[in-house]
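Keep the sequence and the 3D view side by side as you read.

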Amino acid sequence: MKVAKFGGSSLSSATQIKKVANIIRNDSNIRFVVVSAPGKRNDSDIKITDLLIALHTNHSIGISTTSIENQIIDRYQQIAEDLDIDVAIVKEFQAQLHDLLQTITNSERLLDALKSCGEDFNAQLISQYFNKIGLEAEYKSPEAMGIFVTDEPGNAQLLKESYAKIAAHKDSEKVLVIPGFFGVSKQRDIVTFSRGGSDITGAIIARGVEADIYENYTDQSHIYSAHPGIVKNPHAINEITYREMRELAYSGFGIFHDEALTPLYEVRIPIQIKNTNAPEIVGTKIVVDRGEVKKYPVIGVSGDEGFISVTIKRYLLNREVGYTRRLLQIFEDHDINVEHIPTGIDDISVVMRANQFDHNNILEELLEDIEQQFEPEWIHVERDLAIIAIVGEGMRDTIGIANKATAAFADSNISLRMINQGASEISMFFAIPSKDLKKALNNLYQNYFEK
């Protein structure tokens with residue numbers, strides 16, 4: 001029995017939705033379908049979710065919402081007409097948007113409620129279309145499915161009791177169509193997962209109904225050993241472990257939401273990455289343990305920009321008991337998430353994502369607190385950093401892995417700002433100037449996969 005999740009590119013138009021319907025019709029094992037909001041139809045198009053966010057922005061600052069609202073409704077109207085289903089439902093969508101804008105006064109609550117409409121409206125349309133073509137289907141809201149979450153707008157976390165409620169639907173004779181991306185709190189407020197959270201919903205449903213496999217449909221047939229937009233024709237991965245995927249997803253692999261791995265990893269449900277436009281291709285499978293570890297000790301290289309580091313130096317710093325704890329407490333007090341902590345005997349660096357300091361004075365306040373509490377010889381802030389990850393289950397048992405990385409950086413004349421090996425020994429992280437990211441990834445790919 002399968003759960004299938006379809007991303008925004010798979011549901012961007014009536015043509016794409018018809019492809020999805022054919023996939024479901026040709027595979028009777030797919031009993032649960034989790035859907036995203038309509039994505040881009042072309043490079044110049046706008047995702048429905050982005051339009052809904054813009055709708056919230058205009059409403060919040062008192063600008064007319066009519067134009068954006070019309071774009072949203074016209075998009076669903078076009079899909080409904082092209083699928084030849086009753087367009088009366090689109091009038092209901094419009095009424096719902098009006099109701100949300102008029103009745104929800106809390107800005108965070110309104111944003112979550114509006115964002116959820118993208119997936120919710122699409123699920124209702126798709127369910128109608130499935131029934132029209134003879135696929136017995138039923139729309140199920142997250143609340144009806146039992147997806148209850150913590151009350152953190154934009155960052156919902158599943159309540160474990162939800163799995164028992166979801167399990168009650170496992171023997172449904174109809175194909176259940178479920179909107180992704182959001183759940184409901186105990187107070188029945190709509191709360192969204194982080195961006196890309198439809199993957200999370202799919203994983204939750206797969207675990208709840210004890211699926212044999214979770215199929216995740218995108219516009220790509222595989223996960224690749226490097227970003228295909230940066231490295232030309234990278235190696236397609238047949239199998240990758242949960243641990244490897246988590247490390248790569250953290251460092252810039254955007255094909256699969258890293259938080260979606262946890263529910264499935266805990267119960268060992270495999271994930272199959274598939275292409276809606278070429279469903280006959282087997283794709284990449286995410287598993288607990290993979291074969292070919294010796295052949296491919298490194299499974300992939302990835303990189304992500306937008307990091308910043310703060311380094312403090314003081315003589316005999318390492319002799320101060322608790323200095324790391326006290327330093328990290330300062331970051332916690334300012335609600336800053338820390339990514340890496342490379343240390344020396346007299347210095348310590350803290351690497352973070354730079355967007356946490358956008359449009360605020362937190363960095364200045366944080367540096368002032370460090371100065372007061374540690375009285376360092378100096379504090380150095382370095383911006384515009386990229387983090388590169390080299391990942392593979394076979395790294396711990398293969399000699400020379402690190403040498404290939406440092407050789408690639410040296411050949412590219414790239415200065416390393418940090419080297420950090422993960423405690424699991426399946427990953428190494430390097431901080432470099434952001435301007436060198438593409439060059440570094442290409443040279444690393446050459447050293448690990450072509451030479």
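Arg-109 is partly exposed, at 21% relative accessibility. The cut-off for buried is under 20%. The model is predicted. The side chain of Arg-109 meets that of Asp-151 in a salt bridge, 2.5 Å from N to O. Arg-109 sits in helix α5, and Asp-151 in the loop between α6 (142-145) and α7 (162-167), so the pair ties together parts that are 42 residues apart in sequence. Asp-151 also counts as partly exposed, at 34% relative accessibility.

## Other salt bridges

How many salt bridges does the count come to? It comes to 23. One of them joins the side chains of Arg-41 and Asp-45, at 2.6 Å from N to O. Arg-41 is partly exposed, with a relative accessible area of 45%. Asp-45 is buried, with a relative accessible area of 12%.

The side chains of Asp-436 and Lys-439 form a salt bridge too, at 3.9 Å from N to O. A salt bridge is counted within 4 Å. Asp-436 is buried, at 7% relative accessible area. Lys-439 is partly exposed, at 40%. Salt bridges also link residues into a network: Arg-243, Asp-289, Glu-393 and Arg-396.

## Helices α4 and α5

Two packed helices are described by the distance between their axes and the angle between those axes. Take helix α4 (residues 88-103) and helix α5 (residues 107-132). Their axes come within 11 Å and cross at roughly 170°. Angles over 145 degrees count as roughly antiparallel. The two helices, α4 and α5, are therefore roughly antiparallel to each other.

Which residues of α4 and α5 meet? From α4 come Ile-89, Phe-93, Gln-96, Leu-97, Leu-100 and Leu-101. From α5 come Leu-110, Ala-113, Leu-114, Cys-117, Asp-120, Phe-121, Gln-124, Leu-125 and Gln-128. By class, this contact of α4 with α5 has 11 nonpolar, three polar and one charged residues.

Look at Gln-124, in helix α5. Is Gln-124 buried or exposed? Gln-124 is buried, with a relative accessible area of 17%. Leaving aside neighbours within four places in sequence, Gln-124 is in contact with Ile-89, Phe-93 and Tyr-139. Ile-89 and Phe-93 are among the α4 residues that meet α5.

## Two covered helices

Helix α8 spans residues 198-208. In α8, 11 of the 11 residues are buried, so this helix is largely enclosed by the rest of the structure. The buried residues of α8 are Ser-198, Asp-199, Ile-200, Thr-201, Gly-202, Ala-203, Ile-204, Ile-205, Ala-206, Arg-207 and Gly-208. Glu-210 follows α8. The phi of Glu-210 is positive, near 55°.

Helix α9 (residues 242-250) is mostly covered. Seven of its nine residues are buried. They are Tyr-242, Glu-244, Met-245, Glu-247, Leu-248, Ala-249 and Tyr-250.

## Nonpolar cores

The largest nonpolar core has 48 residues. Which residues have the most contacts inside it? They are Val-3, Ile-205 and Ile-286. Ile-205 is one of the buried residues of α8. Not counting residues up to four places away in sequence, Ile-205 touches Val-3, Phe-32, Val-34, Met-145, Ile-147, Ile-166 and Ile-178.

A second, separate core has 46 residues. It includes Leu-83, Leu-114, Cys-117 and Tyr-129. Leu-114 and Cys-117 are among the α5 residues that meet α4.

## Across the chain

Lys-19 has its place in helix α1 (residues 14-25). Lys-19 is partly exposed, with a relative accessible area of 31%. Which residues does Lys-19 touch, not counting those up to four places away in sequence? Lys-19 touches Thr-276 and Asn-277. Lys-19 and Asn-277 are 258 residues apart along the chain, and their C-alpha atoms are separated by 7.3 Å.

Thr-57 lies in helix α2 (residues 48-61). Thr-57 is partly exposed, at 38% relative accessible area. Thr-57 and Ile-286 are 229 residues apart along the chain, with 38 Å between their C-alpha atoms. Ile-286 is one of the residues with the most contacts inside the largest nonpolar core.

Technical notes
Residues are numbered from 1 along each chain as its sequence is written. This is a predicted model: local features need pLDDT of at least 70, side-chain atom pairs count only at pLDDT 80 or more; totals for chains, interfaces and linings use all residues. Side-chain values use heavy atoms; hydrogens and water are left out. Axes are lines fitted to C-alpha atoms, for helices over the stretch in contact, and angles run from 0 to 180 degrees between N-to-C directions. Helices (H or I, at least four residues) and strands (E, at least two) are DSSP runs, numbered from the N terminus. Angles under 35 degrees count as roughly parallel, over 145 as roughly antiparallel, 65 to 115 as roughly perpendicular and the rest as oblique. Contact means heavy atoms within 4.5 Å. Ala, Val, Leu, Ile, Met, Phe, Trp, Tyr, Cys and Pro count as nonpolar, Asp, Glu, Lys and Arg as charged, and the others, Gly among them, as polar. Buried means under 20% relative accessible area, exposed over 50%, partly exposed in between (1.4 Å probe, protein chains only). A nonpolar core is a set of buried Ala, Val, Leu, Ile, Met, Phe, Trp, Tyr and Cys residues joined through side-chain atoms within 4.5 Å.
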